[in-house]
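Reader: I'd like to go through this model with you. Can we start from the sequence and structure?

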Amino acid sequence: MKKLLNELNPQQREAVLYFDSPLLILAGAGSGKTRVITYKIAYMVRELSFSPERILAITFTNKAAREMKERVEKLLGSDVPVFVSTFHSFCVRLLRSHAAKVGLKPNFVIVDTEDKKRLLKEVVKELNLDTELYSPSALSSVLSNIKNGTFSLDSAQVYYDRISPIFELYNRKLKELNAVDFDDLLLYGRDILSDERTRSYYERYFQYLLIDEYQDTNRIQYEIARSIAGRKGNICVVGDEDQCIYTWRGANIENILSFERDFKNAKVIKLEKNYRCTKVILEAANAVISNNRLRKGKRLYTDNQTGEPIRLFRAETDSEESLFVSKAIKNLIKKGISPKDIAVFYRTNSLSRSIEDALRREGISYQIVGGVKFYERKEIKDILAYLRLSLFEEDLISLFRVLNVPKRGLGSAVEERLRRITERERSWSGVLSKLEGELRMEKQRRAVRELRETLEILKGKTSELSPYELIKFIVTVTNYEDYLRNEFKEDFEQRLENVRELGNTIQEFSERTGLKGEELYLDFLTTVTLSSDQDEIENAEKVTLMTVHASKGLEFPVVFVTGLEEGVFPHFKSSDSSEEIEEERRLFYVAVTRAKRLLTLSYAKKRRTFGKLRDTKPSRFISEIPSNLIKEVKKRTRGETLREKTENLEIEKSRKPKLVFHKKYGKGVVKRVDGRGENAKVTAFFSNYGEKTIIMKFLKVLA
Ligand SMILES: Nc1ncnc2c1ncn2[C@@H]1O[C@H](COP(=O)(O)OP(=O)(O)OP(=O)(O)O)[C@@H](O)[C@H]1O
Ligand SMILES: [Mg+2]
C-alpha cells in the first residue's frame, strides 16, 4: 500500500487519507481528480477494511464507471464488488427495489429518446394539437428541462400554452405503461429517498460516497447525494468549475457552492499540478479560461515538457480543412503514432461527415463516437422490442413498434384503433385479441392473430433458450431476415450482422454477469438504455472522432479541434449572452485539456451551411491563446503537396526511454530526459552508482 501512496503527490495523498469531514476536491483538468477517487477507494478497501460493496462511487458515464472499477481492481490485484455507477443506473437499482413506493412495478421499462418522441407524438395528437407547432423533439427537451428543474412549468407556458396538459398526459401515459423516462429515474430516485426509513437504510448501508465530475451534477442528483451521505457526511466529491458544460441539462455551479454550506465542516483540497499536458498546452488552456468571470480562479502548472507549439491551420474551405486533418493524421501514423492515440473533436455532430469522408479517402480507420449508436439502430430496436414483449405483457410501447414490423399490412388506421384500445387494455394479448375482433378485413385480422401467436410462442422461449439462440429464434419466427432483405437492399448484410452481434452481446453479458432468465434481460435492457456516447468507444487501433461534450474526462496524446469559427464554436445559439459564451469557453477549455502532447486547431474561412458556402470569422477562442504558443501551419507555394506541408508536424517519435544500459554503470532507471536526440541529457538511477546524468549517445535504450 505504501507503494500506492507513493504514486500520488502530497495534496493527492492528503485527499486520499482525509476522512474527518466531507471533502471537496476542486481542481483543474488533468490534475488527478479521477486518480484520487480511484486510489481512495483502493485505500479504503485495503487499509481501512471497508466492504467494497458498501462504497458507492458515482461517475458521469458507464464507461467511466467500468474503467474506474477495473483500475481499483488492478490496484488491489483482485476482483472487488465496489459499487461504481452513474446516477441514472444507481437510481434504476433503487427503483427496482422500491418500485411500489412510487406506483410502479419492478419490471418497469425505461423509454429511450425515440420511444419518448413517439409517445409525445401520440399525446399531441390525442390533445388535437398541431404536430408542427408542438414538435415531439422540441417538446422532448422542454419536458426534460421541466423535470430536471431548469424550467418551471409556468415559464414553459410562455412558449407552449398547452404545455400543462401535455406534461400531464405524457406522465399519465408513462405511468399506465409502467414506464419511466431518463429524467424520471432521478426524480423517482429522489422521491424514494425522501422516505426517512429508506433514506437512513441507505445512509447506513453505504459507508462512503464518492462523486467524480461533480461540477456537472444537477440539483436532483445533488439532493440524492445529500440524502445518502446524510448526517454522517461520509462523502468526497471532485470537480472543476471550469469544466461545467452541462448547464443546459440542469448542471449547476451552485452545487459546488452549496456543498460547503450544506455539509458542515467541509474540507476543501486543491490540486494544482497537471500531469496530462505539455507546458504549452496548459498555458494556452489557462490563458483562455482566465477570460471567464464566473469562476473561482485557479492556475495550474505542470512539470511536463514544454512540448510542441500549438498548430493552427487556416483552411480556405471546410473540405480543405478535412483534407488537412486527414493528411496530418496519416503523417503522424507514419511516424509511429498509434491511431488510437489520436482524436478529432468538433462542436456538433453534423461537422463529422466531411472529416469522415476525408479519412476514408486516406484509408485511415476511425470510430465515431455519438453517431447512431448500436442500440439505436432500427434492426436492433426491432428485435429488442420483440424481446421485451416476450418478457413483459404490458410493454405496449414495444407493441406499437412491432405492429407493422415486419410489414403485415397494418397501417396507421389500425394503429389508431390500437391506440384507443390501449386506453382500456393493458396487456398485449388482451389488446391484440380486441383489435382482431374489431377489424373488418380478414387479411388484417389474420395478421393480428399471427402477431399474437408469434408473441405467445416467444413468451415460452425466454427461459428455455440461451440468449444467442433466443435472438436467432426471434429472427426466424418473425421472418425478420426476409424483411431486412426486402426493405434494405443496400445494407441488408450489415443489418443482419448487427442482429447477430446482438445475440453475441447478450450471450456474453449473461456469461459475464452470471444472470439468467428475466433478471438477465431486465439488466441487459437497462444497461443498453442507459448507455452513453462514451460507452461506444472501442479500444481498437482507430482514430476517434467525437463532439467535445463526449470527450469529458478522457485524454489523448494527439488532439485536433476543428471548426473553430464564430457561430460554430462558440455555437451561434450561445452568442447572445455572456453566460452562454462562458459555457462555450469552458467547453473549449475541456477540448484543449484533453491533449497530452500535440494540439492542432483549425478552421475554414468558408464553410458550407444550408447548402451554400458562406464566409466565416475565426473563433474568438483562437485569439485568446497567446500568440507565442501558436505556430501556423502555412500553406506552401504551389507544387508542394499537403503531405509535405504537414510533414512539419513534429512529435516525439518514440516515448521517453524508461530503462537504459551504460557500459560502466550497467542498467539504469531513467528519471529525466532533457533535450532531444542523441545529445539529450539523461538522468538515470544505477543501482551500484546512484544517480548519473549521461549524454544519450553513450547509452543503449532497453525499454
Ligand atoms: N501523482 C501522479 N503521478 C503520475 N501521474 C499522475 C498523477 N496524478 C495524475 N496522473 C496522471 O495524469 C493524468 C490525468 O489524471 P486524471 O485523469 O485523474 O485527472 P483529472 O483531474 O480527473 O482530469 P479531468 O479534469 O480531465 O477529468 C492521468 O493520465 C493520470 O494517470
Ligand atoms: Mg477526471
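Reader: Which residues of helix 22 and helix 24 meet each other?

Author: On the helix 22 side they are Pro 467, Tyr 468, Ile 471, Lys 472 and Val 475, and they meet Val 499, Leu 502, Gly 503, Asn 504, Ile 506, Gln 507 and Ser 510 in helix 24. Two residues are in contact if their C-beta atoms, placed from the backbone, lie within 7 Å. Helices here are DSSP runs (H or I, at least four residues), as are strands (E, at least two), numbered from the N terminus.

Reader: What classes of residue are in that contact of helix 22 with helix 24?

Author: There are seven nonpolar, four polar and one charged residues in the contact of helix 22 with helix 24. Ala, Val, Leu, Ile, Met, Phe, Trp, Tyr, Cys and Pro count as nonpolar, Asp, Glu, Lys and Arg as charged, and the others, Gly among them, as polar.

Reader: Before going on, what sort of model is this, and how is it numbered?

Author: It is a predicted model: local features need pLDDT of at least 70, side-chain atom pairs count only at pLDDT 80 or more, and totals for chains, interfaces and linings use all residues. Residues are numbered from 1 along each chain as its sequence is written, while chains are lettered from A and ligands numbered from 1 in the order in which they are written.

Reader: Back to the pair. At what angle do helix 22 and helix 24 pack?

Author: Helix 22 (residues 467-477) and helix 24 (residues 492-513) pack at about 150°, and their axes are 7 Å apart. Axes are lines fitted to C-alpha atoms, for helices over the stretch in contact, and angles run from 0 to 180 degrees between N-to-C directions. The two helices are therefore roughly antiparallel; angles under 35 degrees count as roughly parallel, over 145 as roughly antiparallel, 65 to 115 as roughly perpendicular and the rest as oblique.

Reader: And helix 17 with helix 25, at what angle do their axes cross?

Author: The axes of helix 17 (residues 378-391) and helix 25 (residues 517-529) cross at roughly 140° and come within 11 Å. That makes helix 17 oblique to helix 25. The contact takes in Leu 384, Leu 387, Arg 388 and Leu 391 of helix 17, with Glu 518, Tyr 521 and Leu 525 of helix 25. By class, this contact of helix 17 with helix 25 has five nonpolar, no polar and two charged residues.

Reader: Different topic. Which residues come nearest to ligand 1?

Author: Gly 32, Lys 33, Thr 34, Arg 35 and Tyr 275 come nearest, out of the 18 residues around ligand 1. A residue is near a molecule or strand if its C-beta atom, placed from the backbone, lies within 6 Å of it. The shell around ligand 1 has four nonpolar, eight polar and six charged residues.

Reader: Which helix gives the most to that shell around ligand 1?

Author: Helix 3 (residues 33-46), with three residues.

Reader: What does helix 3 meet in helix 4?

Author: Met 68, Arg 71, Val 72, Leu 75 and Leu 76 in helix 4 meet Thr 38, Tyr 39, Ile 41, Ala 42, Val 45 and Arg 46 in helix 3. Eight nonpolar, one polar and two charged residues make up the contact of helix 3 with helix 4. These helices pack at an angle of about 50°, with axes 9 Å apart.

Reader: Where is Ser 49?

Author: Ser 49 is in the loop between helix 3 and strand 2 (55-58). Ser 49 has a positive phi of about 55° although it is not a glycine.

Reader: Is the peptide bond from Val 405 to Pro 406 cis or trans?

Author: That bond, from Val 405 to Pro 406, is cis, with omega near -10°. Pro 406 is found in the loop between helix 18 (396-402) and helix 19 (412-422). A cis peptide bond also joins Phe 569 and Pro 570, where omega is about 10°.
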